[in-house]
Amino acid sequence: MQGKRNISDIIENYLKDFLVNDNHVIIQRNELATLFECVPSQINYVIKTRFTQNRGYIVQSKRGGAGYVRISKLDFCHTHIIDALLSTLSNSLSMNEAVKVISQLHHEQVLTKREMLLIQASLERDMLQSHVDNDDQLRADLLKSQLRQLRYQYNESEE
């Protein structure tokens, strides 16, 4: 299990390196699998889990002999990023899922590191557990509320 996680991180970072200077990268699964000495399904896994719309990417794919995968980085203003996240968040959110959302907002420079840490601390199990029976549901409600407030603040500053 650990080996798959490491190769996934390596493949993700390899692809993200291309996206630093360009808004998209076009790859062929088989060539990338050969480069990293893994099966093409490992490439599919990385693309499917690490390059999602929630994380700011659009993936287009063409299968077949001349098939390719195009990964494009979305260029959103802060309110669009927050709106996209709000539209996809469920009514129950594990701490792991919440950290991914908060980290993505920090990565996209919507949140400062300090804001990220404060939001994360407010969603910790220790803070929630003594107040409700369903901390995942409360966590989702709190994060949505915080995101709506951030969106409101950014909307005012962008006008």
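Which residues of helix α3 (residues 40–50) are buried? They are Gln42, Ile43, Val46, Ile47 and Arg50. Seen down the axis of α3, these buried residues fall within an arc of 135°, so they line one face of the helix. The arc is taken over the directions from the helix axis to the C-beta atoms. Buried means under 20% relative accessible area, exposed over 50%, and partly exposed in between, with a 1.4 Å probe and protein chains only. An α-helix has 3.6 residues a turn, so residues three or four places apart point the same way.

This is a predicted model: local features need pLDDT of at least 70, side-chain atom pairs count only at pLDDT 80 or more, and totals for chains, interfaces and linings use all residues. Residues are numbered from 1 along each chain as its sequence is written, and side-chain values use heavy atoms, leaving out hydrogens and water.

Now the strands. Helices (H or I, at least four residues) and strands (E, at least two) are DSSP runs, numbered from the N terminus. Two strands pair if DSSP finds at least two bridges between them. Strand β3 (residues 68–73) pairs with β1 (residues 24–27) in the antiparallel sense, over four bridges. Here histidine 24 has serine 72 as its bridge partner in β3. Strand β2 (residues 57–62) also runs antiparallel to β3, joined by six bridges. Opposite tyrosine 57 stands lysine 73 of β3.

Methionine 116 is buried, because its relative accessible area is 11%. Beyond residues up to four places away in sequence, methionine 116 touches Ile102, Ser103, His106 and Leu111. Contact means heavy atoms within 4.5 Å. Valine 99 is 17 residues from methionine 116 in sequence and 8.9 Å away in space, C-alpha to C-alpha.
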